[in-house]
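Q: Could you take me on a close look at the packing inside this protein? I'd like one connected account that I can follow with the model open.

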Amino acid sequence: MGMTIAEKIIAAAAGVESVRPGDIHTVNLDKMMSNDGTTHLTVDMYNNQLKHPHIADPKKLVFIVDHNVPSDNPKTAASQKKMRDFARENGIDFWEGKGVCHQIMMENYVRSGELIFGADSHTCSYGAVGAFGTGVGCTDFLYGMVTGTSWVLVPETVKFNLVGKLPEGVYARDLILEIIGTVGANGCNYQVMEFTGEGARTLSISDRIALCNMAVEAGAKTGIFEPDEKAIAYLEEHGRKPKAIYHSDPDAVYVREYTFDLSKIRPVVAKPDFVDNLCPAEEVRGIKIDEAFLGSCNNGRIEDLRVGASIIKGHKVADSVRFLVVPASLEIYKQALKEGLIDIFMDAGAIVMNPNCSVCWGSCQGVIGENEVLISTGTRNFKGRAGHPSSKVYLGSAATVTASAIAGKIALAEDIH
């Protein structure tokens, strides 16, 4: 009986020939990432609860400040200082003000075939290049940090056959929202979402990150693509080579299979307060908004900024709207500057922010008030996610968000002339 990509990565990390769903294995971790959401808790446990505190391999650790950048109050400043000092004292790679943790990891660390734990639920992004990335709590992170290992209950894998090609004006963001709307927010609980087929190969690495990033919104343990020439080229562009290239065997066992025809995907919007509360974008056309957000680890890459800039060029942000544009990393910000995209956004009246989680996190930038409405390229739209509990968050693509910022209400790119 064959194995899936995810099973092969776990087997390699466990040092065994094969694994099956339901097996429990001790695995060696290739890398561990933690951000300012919880690292201060991990540091406190390390310092106060361990009899013999020790870091197995500091070179495997990456600490990234991205959730509240720059810090918004003394309490945040104290927790970030704790993180900064600990990293310095222990020789841990430390990033601050350089972007969202998952984008930084993709640009600088992740390699195909690796098993990576991150103290953030969207660590599943790393499957875009054929790595197994998954989110863990800070207790599991602490154990990994101290031992270099962890345990994994091997998940079942769900196959998503992608056929065809996305139409003009339809994006990977629309596709993953459509998938989550179809399978449900609990549709792949503790399972791997494997994206495969001819349609998968048409998608860029940015597109693949968008799909894998939101696998957790269907309850998945991770999302993953087979690494192909695009993945290898991406790694080479960023100075890395794969650790290993794994492909699912022809006789690999999948718990379920779905087929999505990319040519039939249309712009969609997730309505409040759940990511799977999906509808065609035209159904919510005309709903007044107060704020629009283009950014996040899901949709803040250069490709997304290009889409937004192409729509807003020559137009203005509606007087009633705040439009926040937040590149996902410093590298993306600099590329956007070089291409003149930042000028286009600012000339239109957008507020361009420093690279960070920003509105998606809803803590330090663009927080929305009572009964306000936000349309966002962020990852979640739960009640209170971006501000007041009575506020409402809609999720859409970079194109839909930008068009809505111009119109002052939810709109499609085709509405902007």
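**A look inside the core**

A: Let's start with the largest nonpolar core, where Leu305, Ile312, Phe323 and Phe345 touch the most other members out of 45 residues. Such a core is a set of buried Ala, Val, Leu, Ile, Met, Phe, Trp, Tyr and Cys residues joined through side-chain atoms within 4.5 Å, and buried means under 20% relative accessible area (1.4 Å probe, protein chains only). Among the elements giving two or more residues to this core are strand S14 (291-295), helix H11 (302-312), strand S15 (322-326) and helix H13 (341-347); helices (H or I, at least four residues) and strands (E, at least two) are DSSP runs, numbered from the N terminus.

This is a predicted model, in which local features need pLDDT of at least 70, side-chain atom pairs count only at pLDDT 80 or more, and totals for chains, interfaces and linings use all residues. Residues are numbered from 1 along each chain as its sequence is written, and side-chain values use heavy atoms, with hydrogens and water left out.

Now zoom in on Phe323. Leaving aside residues up to four places away in sequence, Phe323 touches, among others, Phe293, Ile312, Phe345 and Val401, where contact means heavy atoms within 4.5 Å.

A second, separate core has 43 residues, including Val183, Ala210, Val268 and Leu374.

The structure holds 0 disulfides (pairs of cysteine sulfur atoms within 2.5 Å). Cys101 is buried at 1% relative accessibility, and its sulfur is 5.9 Å from the closest cysteine sulfur, in Cys357, too far for a bond. Cys297 is buried too, at 9%; its sulfur lies 6.0 Å from the closest cysteine sulfur, in Cys360, again too far for a bond.

Note on methods. Buried means under 20% relative accessible area, exposed over 50%, partly exposed in between (1.4 Å probe, protein chains only).
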